[in-house]
Amino acid sequence: NAKFCRNSRGSLTEILDHLILSEEEGYINAEKLNELRKQVNKCLILLNGYINYLAKAKYAEESSSSNNE
């Protein structure tokens with residue numbers, strides 16, 4: 001699950017690169033780019049939080065199982 005989330009995070013950064021290129025080529029204006037950049041950043045924050053949650057849950061599970069041995 002965490003691997004999928006890391007792949008998704010990479011895809012989000014690719015989307016941002018494409019949006020910047022779209023603005024440079026005149027397909028979208030700077031205002032639209034800023035609006036979409038905020039949405040991408042919000043998604044990155046949520047995704048990073050979930051990845052951190054998964055990492056902590058995995059660590060807690062491993063610690064718990066090693067204590068039970």
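Buried means under 20% relative accessible area, exposed means over 50%, and partly exposed lies in between, with a 1.4 Å probe and protein chains only. This is a predicted model, in which local features need pLDDT of at least 70 and side-chain atom pairs count only at pLDDT 80 or more, while totals for chains, interfaces and linings use all residues. Residues are numbered from 1 along each chain as its sequence is written, and side-chain values use heavy atoms, with hydrogens and water left out.

**The whole chain**

Along the principal axes, the C-alpha atoms fill a box of roughly 60 × 15 × 10 Å. The radius of gyration is 18 Å, whereas a compact globule of 69 residues would have one near 11 Å. That radius is taken over C-alpha atoms, and the globule rule is 2.2 Å times the number of residues to the power 0.38.

Next, show the surface. Its accessible area comes to about 5,600 Å², and carbon and sulfur atoms account for 53% of that; the area comes from the Shrake-Rupley method with a 1.4 Å probe. Of the 69 residues, 16% are buried.

**Helix 1**

Select residues 2–24, which form helix 1, and pick out E23 there. E23 is partly exposed, at 28% relative accessible area. Which residues does E23 touch, leaving aside its neighbours within four places in sequence? They are I28, N29, A30 and L33, where contact means heavy atoms within 4.5 Å.

F4 is exposed, with a relative accessible area of 58%. Draw a C-alpha to C-alpha distance from F4 to Y59 and it reads 18 Å, for residues 55 apart along the chain.

**Helix 2**

Select residues 30–67 for helix 2 and show the side chains of E35 and K32, which lie 3 residues apart, about one turn of the helix. These two side chains meet in a salt bridge, at 3.3 Å from N to O. The term requires a side-chain nitrogen of Lys or Arg within 4 Å of a carboxyl oxygen of Asp or Glu. Side chains of opposite charge can pair when their charged atoms come close. E35 is partly exposed at 39% relative accessible area, and K32 is partly exposed at 33%. A search of the whole structure finds 1 salt bridge.

Then select K38, also in helix 2. K38 is exposed, at 62% relative accessibility. A57 is 19 residues from K38 along the chain, and their C-alpha atoms are separated by 29 Å.

**Back to the whole chain**

Finally, colour by charge. How many positive and negative side chains does the chain have? There are 9 positive and 10 negative, and the centres of the two sets lie 6 Å apart. Lys and Arg count as positive and Asp and Glu as negative, without His or the chain ends; each charge is placed at NZ of Lys, CZ of Arg, CG of Asp or CD of Glu.

Note on methods: Helices (H or I, at least four residues) and strands (E, at least two) are DSSP runs, numbered from the N terminus.
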